[in-house]
Amino acid sequence: MFIWNNVMIVRRMIIPILLVSFLIGETICFSVTNRQTVLPTVSSTVETANGEEGLINEGEEFSICFLHQALSQRLYIMILSRFNATVNIKTHPSIAFSRTNIEVHADFKKIVTIPSFISLREWDRYKSLSVTSSAPVSIYLVNHSLIFTDMLVTFPLNAVPQEYYVVSIPQRYFGRFKSLFAIAGSSVSHSVVTIRARVPLTIEGRKFEAYSPITLQLQPMESIKISSEIDDLTGTRIISDVPISVYSGHECINRHLCNNMMKQIPAVEYWGKEYIIAPMVGSVYGNLMIILAARNGTMVHA
């Protein structure tokens, strides 16, 4: 339920920001979402290739990945569309999984079960999935365990390279678990990704100083997961020469049940200037709202 008298309106920004809301402390079982990537109220639609207006999470090509959890998990992809569409899901040839000619009827959902071995661990490199459709669709990732069910909004690949910023949570809340992010590369071309973190990073045994540029070359369908047990990775900047997908969050936001926190991050191009956010049900210690600006001098008024 929404508590309307406690709704906060963040508005009148000069420069677009990204707003993320967290539920801190205990969570109830099967809570649908513990972290919200809040979409802006005035720019949730974009102009599609044919000149029509579409949702920013609606498209015909997606590169997605599921982040591995400590608890056993069941994975699903939920597909929704305003149109009749034929959807295909494929993985890297080294992964024995694909689903083709999935028929999605207009205004009805289609749920596809994904094998749990496809979830991305830190040592995995080819666990992304490519989803293509004959018509615009919206893709939601469902991660279900015995304790919680989380659903992620995904964003389609864009025609041009994009800029992203990682959003996580300060380690002082849950210091023994990892702040993390993941990158799912293009399904058809090589990706050159540049990462600049505010804190030191170790990637595949190599150590990088804070703010030093890190260049990674990803093969088609390649993905990578990067984490830190010490530092909050919020503010890490990611730029790619081809369209990619970026996921970020934290390994655990519940001290006892270890409910994860993971969402796909929209590109800076789709950040907004006005948001409406309400407190989330089930909070014991309150709600944490993180406001992230991509440019210096951003003024925020609540």
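Among contacts between residues at least 6 apart in sequence, 76% join residues at least 24 apart. The model on screen is predicted.

Start with the whole chain, coloured by secondary structure. The chain holds 24 strands and zero helices. Switch to a surface view: the accessible surface of the chain is about 14,100 Å², and carbon and sulfur atoms account for 55% of this area. Of the 302 residues, 53% count as buried.

Next, select strands β19, β14, β21 and β22. In that order they form an open sheet with antiparallel pairing. β19 (223-228) and β22 (261-264) are the edge strands; each has a single partner strand, so one side of each lacks a neighbour in the sheet. On average, neighbouring strands of this sheet are turned by 15° against each other, direction ignored.

Move to β21, residues 245-250, and select S245. Is S245 buried or exposed? S245 counts as buried because its relative accessibility is 0%, below the 20% cut-off for buried residues.

Show the side chain of S245 together with S63. A polar atom of that side chain lies 2.7 Å from the backbone oxygen of S63.

Finally, display the surroundings of S245. Leaving aside residues up to four places away in sequence, S245 touches S63, F155, L157, A182, I183, A184 and Q264.

Definitions and conventions. Residues numbered from 1 in each chain as written. Predicted model: local features only at pLDDT ≥ 70, side-chain atom pairs only at ≥ 80, totals over all residues. Heavy atoms only, no water. Pairing = 2+ DSSP bridges. Helix = DSSP H or I, 4+ residues; strand = E, 2+ residues; numbered from the N terminus. Axes fitted to C-alpha atoms, helices over the stretch in contact; angles between N-to-C directions. Buried < 20%, exposed > 50% of the residue type's maximum accessible area, 1.4 Å probe, protein only. Contact = heavy atoms within 4.5 Å. Areas by Shrake-Rupley, 256 points an atom, 1.4 Å probe, with all protein chains shown as cover. Polar contact = N/O pair within 3.5 Å; in protein donor to acceptor, adjacent residues only side chain to side chain.
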